[in-house]
Amino acid sequence: MRRIALLGATGSVGRSTLSVIRRHPRRFSVVALSARRSVAALEALAAEFGARHVALADPAALEERPGLAARGWRTGADRIVELARLADVDIVVNAVVGAAGLRPTIAALEAGKRCALANKESLVAAGDLVLRAAERGGGELVPVDSEHSAILQCVGSARREEIQRLILTASGGPFRRMSADDLERADATMALRHPTWDMGAKITIDSATLANKALEVIEAHFLYGLPYDRIDVVVHPTSIVHSFVEFVDGSVLSQMGQPTMELPILHALTWPRRLPDPALRSFDPCTASPLAFEPVDEARFPLFRLGVDAGRAGGAAPAVFNAANEVAVEAFLKGIVTFTGMPKVVEAALEALAGRSATTLDEVLGADRAARRRAAAEVERMNRA
Ligand code: MG
């Protein structure tokens, strides 16, 4: 029985994780649960799974429910970090959205846990610090992101020097075919209609701008230790091939399957073994045909290049990119920044702050806060103009 702390239990990946666990009640138990502020949903889950430890990130979340505090429920970001270190937990599933997931990732790895990582922002903002935490504490980082799960499965027992290149696939998002003019007028409702993946709002917008794919290139760089010029991206609209690994002898492996997050989640819980899961649909190559691929159009989706360049630049640049992008997405969802305004917000923050250093957690979090302020100021400036 593997004991699980699920952080971000009420979000999209959190709910998918619980669907997987429901099908394997003798393999996994849920010891701890967290959410940002969804008290009622978390209360139902805590009762269903018998979770002993429950925390909410929002410090005010329990103000109207003092009875839950009396039952041991806790609030605040530090309490989420404590859940990641609990002695009676084997696997921390980090499905927190955004930079808030960074400290729990580091805590889980320092405490020697497996961290099933859906929070790619941890590696983007502080890849070196996360890897060092794993080394220090003996923790194990296993990706939940479908592309990185695919790469892990293809790499198998190969050594790093045997890998020539990683090729991440991108669905291209809902605006893959949209003209530059129409992109100017694209709103959040349109951007939230993802063609293949059912995900949370933040990542769905990131898929439409391709910022998500830039974040994933940075994530792959840290997970697999390859330089950026050996990590490529190709658009694959049906999301059947979840990524490729090209080896130095010219052989190319890919991992395929239906686009459902439950597959990489189950894999992250069981790796390096596999569990039979009858709920996952059998693969039919004929209905999956044809498998089509095309290059990324960087001119229409400038956040992709901005993000990859931030990764290459290193230092605080990726943390700044990530934080400014979070602010831009939030402003877009509220309708106060246009689709094509988002890259401008991020670019303004990068220009001002990308040169900062980020060798400690304090510096990373400082760069994150400064980037949020700079991006928010840019959003305001654009609205006045
Ligand atoms: Mg992904």
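These are my notebook entries on a predicted model of one protein chain.

**Ground rules.** I number residues from 1 along each chain as its sequence is written, and side-chain values use heavy atoms, with hydrogens and water left out. Local features need pLDDT of at least 70 and side-chain atom pairs count only at pLDDT 80 or more, while totals for chains, interfaces and linings use all residues.

**Overall build.** I looked up the elements and found 17 helices and 11 strands in the protein chain. Helices (H or I, at least four residues) and strands (E, at least two) are DSSP runs, numbered from the N terminus. I then checked burial: 56% of the 385 residues are buried (under 20% relative accessible area, 1.4 Å probe, protein chains only). The C-alpha atoms fill a box of roughly 55 × 55 × 40 Å along the principal axes.

**The sheet.** I traced an open sheet of 7 strands in the order β4-β3-β2-β1-β5-β6-β7, with parallel pairing. Strands β4 (74-75) and β7 (140-143) stand at the edges, each with a single partner strand, so one side of each has no neighbour in the sheet. Two strands pair if DSSP finds at least two bridges between them.

I followed helix α1 (residues 12-22) next. Helix α1 lies across β1 (2-7), β2 (28-35) and β5 (91-94). Its direction is about 160° to β1, with axes fitted to C-alpha atoms, for helices over the stretch in contact (heavy atoms within 4.5 Å), and angles running from 0 to 180 degrees between N-to-C directions.

Conventions:
Buried means under 20% relative accessible area, exposed over 50%, partly exposed in between (1.4 Å probe, protein chains only).
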